[in-house]
Amino acid sequence: MANVLLSAKDIQIRFGGVIAADGINLDVLEGENLAIIGPNGAGKTTFLNISTGYLRPQAGTVTFLGQDITAQLPRTIVKLGIARAFQIPQLFLDQTVMENMLIAAASRRGHPSGLRALSHMPEAPEMERLLDLVGVKSYAKRTARELPEGQRKLVDIALALALKPKLLLMDEPTSGVASSEKLAIMDILTKALAEEKVTSVFVEHDMDMVERYANRVAVWNVGKIQKVGTPAEVLADPKVREQVIGI
Amino acid sequence: MMAGRIKPITIAAIVFFLVSAVAPLFVASWATLFALILAKGIVVLGIVLLLQAGQVSFGHAMFFATGAYAAAFWGKFVGGGDILLFLVLGGVSSTIFGLIVGLFVVRYREIFFGMLNLAFSMVLWSLLEKMFHYTNGADGIRVARPGLLGLTFTPETFQYVILYVSLAIAIVAFYAVQRYLDSPLGHMLRAMKSNETRLEYLGMSARRVLLIGYVISALLGGIGGTLVAIIQQIATPEFGFWTKSGEFVFIAILGGGAHAFGAFAGAAMFECVRFYAAAHLADSWQLILGVVLIVIILYAPNGLIGLRQRYGQARQGGH
């Protein structure tokens, strides 16, 4: 059996009267692409927020490679090997795509002291390769602000990959992207993840994407995990079809 | 992408530093004028640095005053003194003070950052005003003309000595700030302006990045303050008053915050207007500067250095 990378045990959190996590138990296995599906407000993003240290659960623990990371700072968790890509790409808009990447490379080093110019960092070829891998190398010298949404998403993911994470958490990697581009983006993404040997968890609303790219699916419903299984198993479940997918 | 933009501005900087070195040899009264421009430019360099992170400090005069009083206190309580000693004292004390204040202010952003800086500076100003026994209150402390490496000078020679010391420090500071802004830490400072969240999710502490920038800018403020105290031979609580902080922000906006040279371009404009308008139009130099600032904000929001870029781009676009 594959190693457990991330393990959530009995996670509970509520915001006022809204229960966002009500006893979440989930293991993320090394090498898989795990999709999280569920209706709006089911607590999918909350799970990502807890796993990356942005939110502190009211009960329960999250461990990463056996180490307790519950309520650690996001940047501490990042250093352990969990990176995050965002639903709305989070880029340094005034800087070039390459500068964005090199800032990530400098962050990975931990203490970016010294007065060596950013553009002369030895990681430059490596960052260029990553941009190539996600298909945005031609934008390297453009400022991030000039990029179309789809390309911003890819740069956002490249920034996360630049940290050499073991686990990448993605919140709707194809939302806000024209449906004609979704397949292309997911193809690029899964290829990049396989090549970099990165395990991934992604929140997704599009069942075609889930069926095509996930090895395993976890179904969220009102703060609970309703079902975990292969895409075929989960999408065939009549309860899931009715309550989550709405058909 | 930067090469085409930085190059002409670097030439402008070189020309400016050359003029500062040579022009006062022909007009003696310019020695003090240029020394002041350079010293204030060094302070404003610190403001420009924080502008990279999108933060405006309305209290940076506190470091300016710290540098000035470091020299003044030495003269008052120890006696004598040397330009280099004063600069070391001013630099060290403002760095330490910057670190202490910085630990508090880097937790805040934008208007809260600006106002907390202002609050700290007003505390210092009050202390300088009220602790009469040590500071002579509003009268300030005279700073006797120091020597340099054991040499003493006549007033005529001294104005050139302090000019060239200011020039040397300004060049070093200008170069060092450029290098810093080009380095990973400098880029992270700029990155804070557009996306602090991402910086944290890359594993960096945004507060630490800002703190490093803040302490450097405090050091620049202190060094500039020491120089001005030596040039004007006095340190008064006015050095730390909020209008002085406003003046530095004013100069930074006048010159343009996008490049380190903006600090010196702004300081040159500001001091020249003051120097000549004060001579010819008595009490209306503030009026002239006010009008200049309105024009800058309306027509050249990137300051004097932005004008050149705009003109350059328009010309490129025309071809």
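In which crossing, left-handed or right-handed, does helix 12 of chain B pass helix 13 of chain B?

## Helices 12 and 13 of chain B

The crossing of helix 12 of chain B with helix 13 of chain B is right-handed. A crossing is termed left-handed if the near helix is turned anticlockwise from the far one by less than a right angle, and right-handed if clockwise. Helices (H or I, at least four residues) and strands (E, at least two) are DSSP runs, numbered from the N terminus.

On the side of helix 12 of chain B, B:Phe270, B:Val273, B:Arg274, B:Ala277 and B:Ala278 take part, and they meet B:Trp285, B:Ile288, B:Leu289 and B:Val292 of helix 13 of chain B. Two residues are in contact if their C-beta atoms, placed from the backbone, lie within 7 Å. By class, this contact has eight nonpolar residues, no polar residues and one charged residue. Ala, Val, Leu, Ile, Met, Phe, Trp, Tyr, Cys and Pro count as nonpolar, Asp, Glu, Lys and Arg as charged, and the others, Gly among them, as polar.

## Model and confidence

This is a predicted model, in which local features need pLDDT of at least 70 and side-chain atom pairs count only at pLDDT 80 or more, while totals for chains, interfaces and linings use all residues. Residues are numbered from 1 along each chain as its sequence is written, and chains are lettered from A and ligands numbered from 1 in the order in which they are written.

The model scores ipTM 0.87 and pTM 0.89. Chain B averages a pLDDT (the predictor's confidence in each residue, from 0 to 100) of 88, and 94% of its residues score at least 70. Over residues 1-5 of chain B, pLDDT stays under 50, and the model has three contacts beyond four places in sequence for this stretch.

## The contact between the chains

Chain A contributes 27 residues to the contact and chain B 22 residues. In chain B, helix 7 (155-182), helix 8 (184-194) and helix 9 (196-201) each supply at least two residues of the side that touches chain A. Helix 8 of chain B gives the most to that side, with eight residues. The side of chain B that touches chain A comprises nine nonpolar, seven polar and six charged residues.

## Domains of chain A

Chain A is assigned domain 1 (1-73 + 169-176 + 200-247) and domain 2 (82-164); such bounds come from an automatic or database domain assignment. The centres of the two domains of chain A, taken over C-alpha atoms, are separated by 27 Å. Their contact takes ten residues from domain 1 of chain A and eight residues from domain 2 of chain A.

## Individual residues

B:Ile251 is placed in helix 11 (residues 242-255) of chain B. B:Ile251 counts as buried because 29 C-beta neighbours lie inside 10 Å. The cut-offs are 20 or more other C-beta atoms within 10 Å for buried, 12 or fewer for exposed, and partly exposed in between, with C-beta atoms placed from the backbone. Beyond four places in sequence, B:Ile251 is in contact with B:Lys40, B:Val44, B:Gly266, B:Ala267 and B:Phe270.

Most residues other than glycine have a negative phi. A:Leu65, not a glycine, has a positive phi of about 50 degrees, and B:Leu149, also not a glycine, has a positive phi of about 55 degrees. B:Leu149 lies in the loop between strand 1 (141-142) and helix 7 of chain B, and counts as exposed, with 8 C-beta neighbours inside 10 Å.
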